[in-house]
Amino acid sequence: MKQVFKRPESLRDVSFHFCPGCHHGIIHRLVAEAIDRLRIRTKTIGIASVGCSVFLYDYFDTDVCEAPHGRAPAVATGVKRVHKDRIVFAFQGDGDLAAIGTSEIIHAANRGENITVIFVNNTVYGMTGGQMAPTTMLGQHTTTTPRGRSFLGDGYPLKVSELLATLEGCSFVARVAVNNPANVRRARKMILKAFEMQVNNMGFSFVEVLSACPTNWKMTPLDALKRVDNELIPYFPLKVFREKTIPDKL
Amino acid sequence: MGRIQIDIERCKGCGLCVATCQKELIHIGEKINSHGYHTAQIHNKGECVGCANCAEMCPDVAIEVWR
Amino acid sequence: MNDSRKRLINGNQAIAAAAIDAGCRYYFSYPITPQSEIPEYLSLHLPEVGGTFLQAESEIASINMVLGASAAGARAMTSSSGPGISLKQEGLSYMAADELPALIVNISRTGPGLGGIAASQGDYFQATKGGGHGDYRIIVLAPSSVQEMYDLTIKGFDLADTYRTPVMILADSVLGQMKESVVMGGRKKSTPTKKDWALTGCEGRSPSIIKSLYLDGDKSSEHNRKLFEKYQRIQKNEVICELNRCKDADLILIAFGSAARIAKTSIETAREKGIKVGMLRPITLFPFPNQQVRDISTNIKDILVVEQNTGQMVEDVLISASENARVTFYGKPSGNVLEAEEILCQIERCMNKVGT
C-alpha cells in the first residue's frame, strides 16, 4: 500500500490550538498543501492577522510576519513590493478583514497587489468570545446580538467575495466551504489556483472559506457542518466570482 | 484495500471523521489522551478502503491514509 | 567619487532628497499638508533609482506598508503631519514591539483636532512619550535648519537600523516650507546594516518570525525588559544637543526646532545689549539631554524654556534640571509664529529677576 494522505511539509509538526471541530485547521492544511504542491515553502512569507489565525507563525514552516488587526493586506503589500519574487499570503478572519480591515483589503485588491489572501468566514469573532461579525447571519445570536442580528441597526451580512469581484485588480476570487469531503477537495483546488495566480504574476487572488466555529455557534461540530449547508451557503453561495486566464508559457 | 492511522495525541474527539466515514468504521472511543479528549478509533480495520474522507475532514491533521 | 552638491531647496525637499541618498527605496504615504513636497519629490525621483512610491489608501495602511517593507529588510519611510501621525501610532507601536527600523517624518500642524498648517511644536508629547499604546519610545530628531532636515534624515535611517527601532523627524511648517541652501551628498555614506532577521523566505535557514504577541507572562516581561534596555542604551549613547554661547552665560535658553532657530536671533540681540544668554538646543528629543540640562543648570541657575506650544518639553527640563535651578517657561500657543522680539522680552524679564 502507498501513503495517499499525510501531513503537508509546510505545516510544522505541532498541534493546533483551535477548538475541537473548528475548520481553521482544515484551511491551514489546504494552504500548506498548496505551498507544498508549488514547491514554494522556502520562498513564501505568510502574514498573520489578529484573531484565531494569529498563531499562523506557530504552524507554518515559512517566514511569517504578524500584522495589526485588519492590516494584513497593507503589511503584505510592503513585503511583496520589496520581494517581488517571493510568494506572500495573508490569512485573515472575518472581523479582521471585513470590519476593521475593509479599507486595506479593498485597496490591496484594487491595486492588483500580487498577493494571495485566504479569508476565513465563520460569521463570528472567535477569539474574543463570539461577538457579532460583519458576516454574522440575520437572526444569529452572538454575545453582542443577544436577540439575534437585525438588519435594523446591525445591517446585513457582508458579502466580501461579491464586493471584491467587481475590482479589476483581482485575478481570482472564489468562495468555498470545507464542511464535507467534496467541498474540501474543491477548496483545495481553489486555494491552489489562487497561489498559482500569484506565481504567474496575475495580481490579487482571494479565496473566501466558509468555516464552522462550533464553540461560538454553541453547536456540536456535526451540527456546525450542517449549519454551513443549511444557513451559510444559501446566503454565501460557493462560486468562482472572477478568474483571469493565465496565459500559456512561451 | 486501505489503512488509516490516527495520531491519538492530536485528536480532539470532534467526530468529523466519524460522520464522514461511509463505511462507519470510526467511533469516538473510551480512551482519553493526555489533553483529556476522548479520541477517534477505527474498528473493523479490514474494511477500510483508504478513501481519505476522514483525513480530509480532520481539522487537526491527525489522520494518515494508505491505499 | 565626490557627489557633493549644493542646492537651494525647502526643508521637505531636503528630507526627500536625503531619504534617497540614505538608500531608502520604499516610501508609503497619504496626502496631508504641510508635508506635500515630500511625496511629490519622491513620486518623481524614487522610480528613477528603482524605488517604490506608493500613495496608500490611508495613514494606517501606509505605516503598515512601511512595517511590511521593513520586515522584508528594506529601508522604508513614511511622512505625514499631526492628524496623520495620530493614525500611524498603531503601526508605530507594533514596529517598536517588532523592533523594526523605519523613518517617520512629522511636519507637524497646529492641533488638537484638525488644527491648521501654521507653526506648532504641539506634538512633542506624542513623539517623545510613546504616542501609541504600550511601554515604548522611539528616537526623535528635531532639526532646526534645512541642512539639518537633510543631515538628520540620513542619520535617522542609520539610527533606525542600528537600534532596530522607528525614528521620527519632528519638524513643522516653518522648517518644511523654508528654503535654504543645502550641501547634499559627499559626506560619510550611510552604512546599511546587515539584517539577518529580515523576512526573505527561509531558503537555506530556519523560518523567521516577526511578531509582538506574547501571551506568556514571563516572555512578555522579558520582551519589554529587552526594549527597556535598548532605550537605556540609546539614552546613554545617542544624545545630541547644541550648546551655544553658554560659557559666560547668566541665563540659558532651552528650545528645539523652529523655536530654537528664532530664539537664536533673540540671543544675538540680547548679547548686543550686554545680556549674557546662552542656548542649549536638544537635537535628540528622545533621548532627551537630561544630563546636559542637569550639568548646565548646576552652574547657571536661570533657565528659560521657549516652545511653540503651551508647555511640553519644559516638563523634561524640570525633571532634568538641578534642584536649585530656576526654570521659567514661555510658550506661544500653536498658530502664530514665535517672534524674536517677544523672546527677547522674556530674556530681559528673566534677567531682571536675576537682578532682584
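**Figure 1. The side of chain C that touches chain A in this predicted model.** In the predicted model, 33 residues of chain C are in contact with 28 residues of chain A, two residues being in contact if their C-beta atoms, placed from the backbone, lie within 7 Å. At least two residues each come from strand 2 (26–29), strand 3 (52–55), helix 3 (59–71), helix 4 and strand 9 (209–210) of chain C. Helices (H or I, at least four residues) and strands (E, at least two) are DSSP runs, numbered from the N terminus. Helix 3 of chain C gives the most, with nine residues. By class, this side of chain C holds 19 nonpolar, ten polar and four charged residues; Ala, Val, Leu, Ile, Met, Phe, Trp, Tyr, Cys and Pro count as nonpolar, Asp, Glu, Lys and Arg as charged, and the others, Gly among them, as polar. Of the two pairs of chains in contact, chains A and C share the most contacts.

Residues are numbered from 1 along each chain as its sequence is written, while chains are lettered from A and ligands numbered from 1 in the order in which they are written. Because the model is predicted, local features need pLDDT of at least 70 and side-chain atom pairs count only at pLDDT 80 or more, whereas totals for chains, interfaces and linings use all residues.

**Figure 2. Helix 4 of chain C and its kink.** Helix 4 (residues 82–98) of chain C has 17 residues. From its first C-alpha to its last, helix 4 of chain C reaches 24 Å, close to the 24 Å expected at 1.5 Å a residue; the expected span is 1.5 Å times one less than the number of residues. A kink of about 45° is centred on K88(C), the bend at a residue being the angle between axes fitted to the seven residues ending there and the seven starting there. In helix 4 of chain C, 13 of the 17 residues are buried, so this helix is largely enclosed by the rest of the structure. A residue is buried if 20 or more other C-beta atoms lie within 10 Å of its own, with C-beta atoms placed from the backbone. E99(C), which follows helix 4 of chain C, has a positive phi, near 55°.

**Figure 3. The two domains of chain C where they touch.** The domain assignment, which is automatic or from a database, gives domain 1 (5–192 + 212–237) and domain 2 (241–355) of chain C. Their centres, taken over C-alpha atoms, are 27 Å apart. The contact takes 29 residues from domain 1 of chain C and 22 residues from domain 2 of chain C. On the domain 1 side, the elements giving two or more residues include strand 7 (166–172) and helix 8 (217–237) of chain C. Helix 5 of chain C contributes the largest share of that side, four residues. The residues of the domain 1 side divide into 16 nonpolar, eleven polar and two charged.

**Figure 4. The side of chain A that touches chain B.** Here, 23 residues of chain A are in contact with 22 residues of chain B. Strand 1 (3–5), helix 1 (24–37), helix 8 (181–199) and helix 10 (221–235) of chain A each supply at least two residues of this side of chain A. The side of chain A that touches chain B has 13 nonpolar, five polar and five charged residues. No contact joins chain B and chain C, whose closest C-alpha atoms lie 20 Å apart.

Technical notes
Buried ≥ 20, exposed ≤ 12 C-beta atoms within 10 Å, placed from the backbone.
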